[in-house]
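Please open the structure in your viewer and keep the selection tool at hand. The tour below goes from stop to stop, saying at each one what to select and what is there.

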Amino acid sequence: MALAFDEYGRPFIILKEQDQKTRLRGIDAQKANISAGKAVARILRTSLGPKGMDKILQSPDGDVTITNDGATILEQMDVDNQIAKLMVELSRSQDYEIGDGTTGVVVMAGALLEQAERLLERGIHPIRIAEGYEMASRIAVEHLEHISQKFDFGASNIEPLVQTCMTTLSSKIVNRCKRHLAEISVKAVLSVADLERKDVNLDMIKVEGKVGGKLEDTELIYGITVDKDMSHPQMPKQIEDAKIAILTCPFEPPKPKTKHKVDIDTVEKFQTLRLQEQKYFDDMVQKCKDVGATLVICQWGFDDEANHLLMHRNLPAVRWVGGVELELIAIATGGRIVPRFQELTPEKLGRAGLVREKSFGTTKDKMLYIEHCANSRAVTIFIRGGNKMMIEETKRSIHDALCVARNLIRNNSIVYGGGSAEISCSIAVEAAADKYPGVEQYAIRAFADALDSVPMALAENSGLQPIETLSAVKSQQIKDNNPHYGIDCNDVGTNDMREQDVFETLIGKQQQILLATQVVKMILKIDDVISPSDY
Amino acid sequence: LSGIRISDFPKHRAYDQVFFLCTKTQSYSRPSYFPWRCIEKILKDDASEEKGERARMASFVGAIAITDLVKTTLGPKGMDKILQSTGRGHEVTVTNDGATILKSLHIDNPAAKVLIDISKVQDDEVGDGTTSVVVLAGELLREAEKLVAAKIHPMTIISGYRMAAECARNALLQRVVDNKENAEKFKSDLMKIAMTTLSSKILSQDKEHFAQLAVDAVMRLKGSTNLEAIQIIKKPGGSLKDSFLDEGFILDKKIGLGQPKRIENAKILVANTAMDTDKVKIYGARVRVDSMSKVAEIEGAEKEKMREKVKKILGHGINCFVNRQLIYNFPEELFADAGILAIEHADFDGIERLALVTGGEIASTFDNPESVKLGHCKLIEEIMIGEDKLIHFSGVEMGQACTIVLRGASHHVLDEAERSLHDALCVLSQTVNDTRVLLGGGWPEMVMAKEVDELARKTPGKKSHAIEAFSRALVAIPTIIADNAGLDSADLVAKLRAEHHKEGCNAGIDVISGSVGDMAELGISEAFKVKQAVLLSATEAAEMILRVDEIITCAPRKREDRM
């Protein structure tokens, strides 16, 4: 197949070792790719919406993850197919950019591919389909802007934010106490948010989990937790108004970087060295004490002797604290990380109102709480739950909720959820299609149909008749000219999503449509797949 | 459901230790099941995917198999299991502790793993009820399976279960007894709880004795949940009845040669310091000499250093020195000369506990003797238990810690006794904090089932089926207890249900006489905290498994053949 002849009629090889490769061309390649993309979307389709189901994923090492977060499912699925990998990337980029809607974007892309397949069968050129999709996505995004609403919230009025987070959380297993978790997430985001610059640094929010207790015990700590305990069992367990020295140097005699040897050949030298060593320890502890520190947090370990000296001088210490945690502590307490004892000064100490050690359950698990920090903006969400999988899933859910709250602070436009935005877009795109002359019209119409698939999946997962429900809602939207009608997943009794307080961020929705269109365009443009054949 | 295979596999093929649950599911879990295989392969080779009904089936079967495995250990007449490890020596454990059994299983079924996890968490959080939580979760799933077969959507079942769990919890809350104010009554409550917990274990023969031990030990903690302070020493020999609680502290060490065997009014220095060669810790230091005489000199200096250290230690005015690390012959000799008892190599927990008991601090430097807090005790002596010599510290300052010495016929008995005692101690220490108490013997389950049944009658819609199922799952627990005791469960549970129809009934299953009895009179109690944790975790786990509609298993990581 990949054999060509030069002007002298000699054959030369274009593709090396071609008998070991398989090749798909033209319409076959497109169809194969589309079916792969659809297969991935099919897996996620049942996870969409508040009544979506979970998946069990078993990793190569046998660990079990239970989740319905699209990005997590795809990431752990260990996908082999190239096109399927594109879909995984798609979900991941939605996760990075927006943090929520990772399932919806894949379902959307799958629907677009399905429609494209039909158009291909009719003999429409893939590029024309791609262009039609592109136009349609522009119409949809503009329409979203059109139907979006601004909503107001402030540090005092957090209710709208909480509602949005609740919409996100309602599709997760934690929906039993979504109100509680949504409030925690919103408070956490608001406490680190810079409302003037409209920016939120999510790094300042640490999400920690510990197995045990129940989900309702999850709490927001205005401070930091560290999974460590005091280095000496008899050090005080609670320190008020702590001044914290944050060290990255070990409590040990210094180690020069250059290679050296200290030779001991006389008794005097032996003794001087010994004294020197003792002095080192003494000096180190004294330095910390001199600058007024009441707590030492060290990245490295320290010697038993140093430990006792610290204990002796009434200076509590924590050892083996990880680098990331150390940085967080430094940010939270307003201290500086000190790499050498000589550089310790009173200004470099961090401050915290309360440091305490807390123990859990019947095992000797202890954690250190650093609260009321000088820079109170760093917060920790501390999750409790029945088992490990529950905690992991709660962490993911909280992450989604945090992202949503952040997006709202960045841009406070919202669209209504429950599939209402998609239905409204579908109507708008359908109406716009007729204005375009040429083959693209078909592609635009197909796009409108694809948009319908998200509310359709929602209805399906909620146990409703998908086609009946969708057509009813659609006609209602057109009749009342009201874009807020959606699928009533929770069986509340009303279709008006504004009454149900179900909404999503505008940028999240726009991003979903744009990303899905982009990936589909990319897949459609492939007309040749060359891959090494199996073994 | 049969053919559970746990061991008998070479270690390097650990991932082969699959739970063969039943031949039917086994064929589903074959990697060949690809619904779109004809079109395109998405997942890697060997990875498998199960969808919808089949996925649900696989998780139900897995969870129910686990439940059936531990079911027979429930209750006072529950049976034990022998666990044989795959490691070297094929060690054997005999136990009926749910958490211990489940921990040692190698399981491939994801739903089964969820159940094992909740049992582990129950163990960590409250210490007891590890079997009950698994059994309840399994029964909930068994009921759910029937409902799913009757075409009720899992989401409906979940919302029904949630309502039922909330209702059951409220029912318990209404019936709890709290004797916090009355110390005398509270102590008898504790005693009852301990007896109830122990009655299902190997210690049931001497449960009064051990319940007394456990209550005494926990009361000494004065509300702290730190079980570290209770030391359990196991010595084979004698019978279980010979076990005793010692108010002082026992260290499983020998006294050095030539040192006093008995010290009164001991002043103890607890230390963690090197008493061997005490290296110079400055980096890169080494000894380099050019003649034999210099070696001797340096050796002398080293000895001098050690002598100085010992002198400093002596300067504290002590007559007993306990070190975590080794003590070499030379310093030991010095200590013996000074008439001081030196104990080496006490493990870290031992040191911490000793410091806690005697009120001393753990020292590592000895330059300022005036500010180091020393530990005190009235008497140190060497005692014999069986054939071993132990060091006994009595008359200690802080009364918090104590030691329980367990005696028994074999290591297996002792291990199991320790686990049972640990369960009892955990439950008691949690009860001291949360003093609410319930009756036992299937009483709480019946109370909950009654309330949940009421709720089911009031609830319109499909949910009521799920709520009813929840109550059936609750009743399964007394049924299993009765079955395990070889009683006619159908008859007993029916009687029990009739009894519970009256207001304020205290009826439960009296396993000993094989009839329905008054639990308050029989003195069978359980901690509210344990029951609540069982209820909530089991519902949570059942819900989690029910929500699943797809299982994707990655290709197992390839392991190199180390043969």
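This is a predicted model: local features need pLDDT of at least 70, side-chain atom pairs count only at pLDDT 80 or more; totals for chains, interfaces and linings use all residues.

Residues are numbered from 1 along each chain as its sequence is written, chains are lettered from A and ligands numbered from 1 in the order in which they are written, and side-chain values use heavy atoms, with hydrogens and water left out.

**Domains of chain A**

Begin by colouring chain A in three parts: domain 1 (15-148 + 414-530), domain 2 (151-210 + 378-410) and domain 3 (222-374), with bounds that come from an automatic or database domain assignment. Select domain 1 and domain 2 of chain A together, and you will find their C-alpha centres 26 Å apart. Across the boundary, 21 residues of domain 1 of chain A are in contact with 20 residues of domain 2 of chain A, where contact means heavy atoms within 4.5 Å. The area buried between domain 1 and domain 2 of chain A is about 1,800 Å², with 52% of it given by carbon and sulfur atoms; buried area is the accessible area (1.4 Å probe) that two parts lose on being put together, summed over both.

Next, select Trp320(A), which sits in the loop between β15 (317-318) and α10 (323-333) of chain A. Helices (H or I, at least four residues) and strands (E, at least two) are DSSP runs, numbered from the N terminus. Although Trp320(A) is not a glycine, its phi is positive, at about 55°.

**A sheet in chain B**

Move to chain B and show β5, β15 and β6, 3 strands that form an open sheet in the order β5-β15-β6 with mixed pairing; two strands pair if DSSP finds at least two bridges between them. The edges are β5 (230-236) and β6 (244-246) of chain B, each of which pairs on one side only. From one strand to the next, the twist averages 25°.

Strand β15 (residues 402-408) of chain B runs antiparallel to β6(B), and 3 bridges join the two. To see one bridge pair, select Asp246(B) together with its partner in β15(B), Thr403(B).

Axes are lines fitted to C-alpha atoms, for helices over the stretch in contact, and angles run from 0 to 180 degrees between N-to-C directions.

**Single residues in chain B**

Which residue is the side chain of Lys531(B) joined to by a polar contact of 2.9 Å? Select Glu445(B), whose side chain is the partner; a polar contact is a pair of N or O atoms within 3.5 Å, and within protein one must be able to donate a hydrogen and the other to accept it, while residues adjacent in sequence count only if both atoms are side-chain atoms. Lys531(B) is found in helix α17 (residues 528-546) of chain B and is buried, with a relative accessible area of 6%. Buried means under 20% relative accessible area, exposed over 50%, and partly exposed in between (1.4 Å probe, protein chains only).

Finally, select Glu451(B) in helix α13 (residues 443-458) of chain B, which counts as partly exposed at 31% relative accessibility. The C-alpha atoms of Glu451(B) and Ala171(B) are separated by 6.4 Å, although the two are 280 residues apart along the chain.
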